[in-house]
Amino acid sequence: MLMVAGMGSAFAEFSGNVGLTSDYRFRGISQTMNSQALQGGIDYADKSGFYAGNWNSTVSSRLYTDSIGLENDLYAGFKKEVFKGVTVDRKSTRLNSSHGY
């Protein structure tokens, strides 16, 4: 198992993040009604330039009344350096809100 994991890390990489913020804002508008937010995500990237990931944040269920208070973003893309210092990046993102029903 260690050998497979070692081989995989040369061609692809997983990373993650987690954070606690005092207020989650999107385009200047509080998504948590000026309250804290727990946020985190996981990312995958491989040598070809393909990447994909998931990012999550708590949001106010009082602000988003049809939600259980979780924003979930899924994304994937392809990034490649075409010339030294010039990178092209094509990305698609889908924003989801978790519903309580």
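Tutor: Strands are DSSP runs (E, at least two residues), numbered from the N terminus, and two strands pair if DSSP finds at least two bridges between them. The model is predicted, so local features need pLDDT of at least 70, side-chain atom pairs count only at pLDDT 80 or more, and totals for chains, interfaces and linings use all residues. Residues are numbered from 1 along each chain as its sequence is written, and side-chain values use heavy atoms, with hydrogens and water left out.

Student: In which sense do strand β1 and strand β4 pair?

Tutor: The sense is antiparallel: β1 (residues 12–21) and β4 (residues 37–46) are joined over 10 bridges. Within this pairing, G16 has I42 of β4 as its bridge partner.

Student: Over how many bridges do β4 and strand β5 pair?

Tutor: There are 7 bridges between β4 and β5 (residues 50–58), again in the antiparallel sense. Here I42 stands opposite N54 of β5. The β4–β5 hairpin has 3 residues between its strands, and G49 adopts a positive phi near 110° there.

Student: Which residues does T93 touch, leaving aside those up to four places away in sequence?

Tutor: Contact means heavy atoms within 4.5 Å. T93, in strand β7 (residues 86–97), touches L74 and Y75. T93 and L74 lie 19 residues apart in sequence, yet their C-alpha atoms are 5.7 Å apart in space.

Student: What is the relative accessible area of V88?

Tutor: V88 also belongs to β7. Its relative accessible area is 46%, so V88 counts as partly exposed (buried is under 20%, exposed over 50%, partly exposed in between, with a 1.4 Å probe and protein chains only).

Technical notes
Helices (H or I, at least four residues) and strands (E, at least two) are DSSP runs, numbered from the N terminus.
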